[in-house]
There are 2 protein chains.
Amino acid sequence: MTETRKKSVLVVGGGSVGAIAALNLHVGGLASVTVALRSNYHIVNEHGYSIESCDHGLLKGFRPSIVYKGVPDLVANSLPPYDYIILCTKSIPDLSPTSLELISPALPTNNTHTTLVLLQNGLNIEKPFLDAHPRTVILSGISLIGSAEPNYGRIVQNEPDRLLIGAFQHPTIDEETASTKAREFVTLYSASGRNDCKYSPNVVHDRWRKLVYNACFNPICAVTGIDSGRIRLADGGLDGLVRPAMNEIVTAAKAVANVVLEDDVVEKVIATDPLESWAKPSMLQDLEKGNFIEFENLLGEPLREGRKAGVPMPTLEVLYQLARVIQWRTKEAKDLVTVSAQ
Amino acid sequence: MTETRKKSVLVVGGGSVGAIAALNLHVGGLASVTVALRSNYHIVNEHGYSIESCDHGLLKGFRPSIVYKGVPDLVANSLPPYDYIILCTKSIPDLSPTSLELISPALPTNNTHTTLVLLQNGLNIEKPFLDAHPRTVILSGISLIGSAEPNYGRIVQNEPDRLLIGAFQHPTIDEETASTKAREFVTLYSASGRNDCKYSPNVVHDRWRKLVYNACFNPICAVTGIDSGRIRLADGGLDGLVRPAMNEIVTAAKAVANVVLEDDVVEKVIATDPLESWAKPSMLQDLEKGNFIEFENLLGEPLREGRKAGVPMPTLEVLYQLARVIQWRTKEAKDLVTVSAQ
């Protein structure tokens, strides 16, 4: 009987962030967790996750309640709608299928029941979902976790799971309804007692604040091929690239969204990763694995918004164009674009 | 007796450009050619060069008259000064030893006899030599050859050897004296009949003209890791990077040196390499080999000169800072800088 009162949660994307989210919800006991996997489906379905976590310790063979290959089709499987869908994939709108297309089998048209949680980075990630599902409550999840999946199904979490949850602004749903869902989700997620998940009403501020890291360290480290420690030591790294890029984000945050970041935000964000952790930002990790990079929401959107507001963003402009070329290179490597034979 | 009338020429650096220069001077018969080698010394000294050349055909075991390991010390070897020293190394002033230090054993202080030919790319390469050897005639050599050294001692030349020779402006040597030396060198070099070596009085124009390619395609292809054909096909390649960078050089050429490049120079330079030759600019080749890149004279100097003249150069600025970081990365790989242990 207790089981029926659990919230049904579908976690879409069970990589380094999604696996820890699934684990927290499972351990918390207030949710029944289904995970929709792609690249690591076979390994996780057969052996479960192998997790080394600073929050949860060592876990061999962790399995969510149900594991799907891909997003389950509600109609085809005669499933009731989920209470929550948490999207934990990378946000790569320049590729097909988009995140919106990916989750559509599990999210009915005109849905009002399911709450969607976008546990993804960057700016304007909610827009396509708000357009397609205007009656769905959509929550923002900003994860400040340090976690990686060095091999399929093996999750190494070396920085605590800090998660900021708030509601995006909806055209037709009032703030109270949306924020109530956000607080409910925080309760579900926090129940494990092994994370620092907080309700944070100022989603726009939080997203711009995180862009100071993500729009800057991410592409700079990816393009130069060095980690966030070395970029602080390299000739030209901080004064030539990181600081100018971060200052452009700080200026854009104010001009675009009236978000005033703290005075010393640039130096604080530079020091986020301890120097000698030689941390590789996710975009560099993705490139090294031959994967696509999520540069449009991390870099393209703040750039476009900043430009519209009249903010000069020369550093981010060049980094963005370089990222486009690098994404094209990955497309060629994956045979998604064709050049004439050599 | 004929032998004594030959000019003595020391070619410093016998890579893809220097080897073909040595070959032309040797075949022309008006020069006695000594080559100073470093990385490929042992192979060339033992087996000679293996050359596949569109100008000279196939040559197995080509040996210049004399091969030295490093630059010969005139005093220690009781050698008379050379008539010409041709510097064909990469120009990497951010590394030690500099080109100036490299050739100093073969160039006496207060030299007036030896003419120095800088067969190197970029802006302001002559400045340290003019400062240290104000009484030496210094010639500019701009090579438009297509040539590579895929393995030590193996030279593949697939584009004709076109060479523009002129005299730099000297503070204390009159133009007539310097240009006479330039014309004499053209005679020596052209004598083989297998190249297109011309006297070109407008060194400053020629150098800025070549920067339209070198300051732009070189760093853009190096940073993105793709060739000069693919960068024309990639999202953002031409409109986001190549054209803006080239336009910055065109504007700087006018502002800095009153050099007016032809109206369609940008599109002409974009089409320099046939698309499907998938040509890798030298900086990309250097990176792929783990070598240092010659970004200071190709990119740093035009940027600094342009900035001084008030030209906005946002694209080249970011490319320059990225190149500095990449050079630092190579220094770390070669143990020339140390970061704390991981």
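Here are some friendly notes on this predicted model, point by point.

1. **Ground rules.** Residues count from 1 along each chain as its sequence is written, while chains are lettered from A and ligands numbered from 1 in the order in which they are written. Because the model is predicted, local features need pLDDT of at least 70 and side-chain atom pairs count only at pLDDT 80 or more, whereas totals for chains, interfaces and linings use all residues; side-chain values use heavy atoms, leaving out hydrogens and water.

2. Residues 9-169 of chain A are 19% helix and 36% strand, with end C-alpha atoms 22 Å apart. Residues 202-327 of chain A are 68% helix and 0% strand, and their end C-alpha atoms lie 32 Å apart. Helices (H or I, at least four residues) and strands (E, at least two) are DSSP runs, numbered from the N terminus.

3. **The sheet in chain B.** Chain B has an open sheet of 8 strands with mixed pairing, in the order E5-E2-E1-E6-E7-E8-E11-E12. Its edge strands, each pairing on one side only, are strand E5 (66-69) and strand E12 (196-199) of chain B. Neighbouring strands of this sheet are turned by 20° against each other on average, direction ignored. Two strands pair if DSSP finds at least two bridges between them. Strand E1 (residues 7-12) and strand E6 (residues 84-87) of chain B run parallel and are joined by 4 bridges; B:Val12 stands opposite B:Leu87 in E6(B).

4. **A helix across the sheet strands.** Helix H7 (residues 203-214) of chain B lies across strand E7 (115-118), strand E8 (138-143) and strand E11 (162-167) of chain B, and runs at about 35° to E8(B). Axes here are lines fitted to C-alpha atoms, for helices over the stretch in contact, and angles run from 0 to 180 degrees between N-to-C directions. Contact means heavy atoms within 4.5 Å.

5. **Cysteines.** How many disulfides (cysteine sulfur atoms within 2.5 Å) does a search of the whole structure find? The count over all chains is 0. For A:Cys221, the nearest cysteine sulfur is that of A:Cys216, 10 Å away. A:Cys221 is buried (under 20% relative accessible area; exposed is over 50%, partly exposed in between, with a 1.4 Å probe and protein chains only), at 0% relative accessibility. For B:Cys88, the nearest cysteine sulfur is that of B:Cys197, 12 Å away, and B:Cys88 is buried at 11%.

6. **Aromatic pairs.** There are 10 aromatic pairs over all chains. Rings of Phe, Tyr and Trp (its six-membered ring) pair if their centres lie within 6.5 Å; planes under 30 degrees apart count as stacked, over 60 as edge-to-face and the rest as tilted. The rings of B:Tyr84 and B:Phe185 have centres 5.3 Å apart and planes at 50°, so this pair is tilted. B:Tyr84 lies in strand E6 and B:Phe185 in helix H6 (residues 175-190) of chain B, so the pair ties together parts 101 residues apart in sequence. Both B:Tyr84 and B:Phe185 are buried. B:Tyr213 and B:Phe217 form another tilted pair, 5.0 Å centre to centre with 50° between the planes. In chain A, ring pairs link A:Tyr84, A:Phe185 and A:Tyr189 into a cluster.

7. **A covered helix.** In helix H8 (residues 217-224) of chain B, 8 of its 8 residues are buried. Among them are B:Phe217, B:Pro219 and B:Cys221. After H8(B) comes B:Gly225, whose phi is positive, near 75°.

8. **Two residues to look at.** Is A:Lys308 buried or exposed? A:Lys308, in helix H13 (residues 295-308) of chain A, counts as exposed at 68% relative accessibility. B:Glu126 sits in the loop between E7 and helix H5 (127-132) of chain B and is buried, with a relative accessible area of 12%. Not counting residues up to four places away in sequence, B:Glu126 touches B:Leu118 and B:Phe168.

Technical notes
Disulfide = S-S within 2.5 Å.
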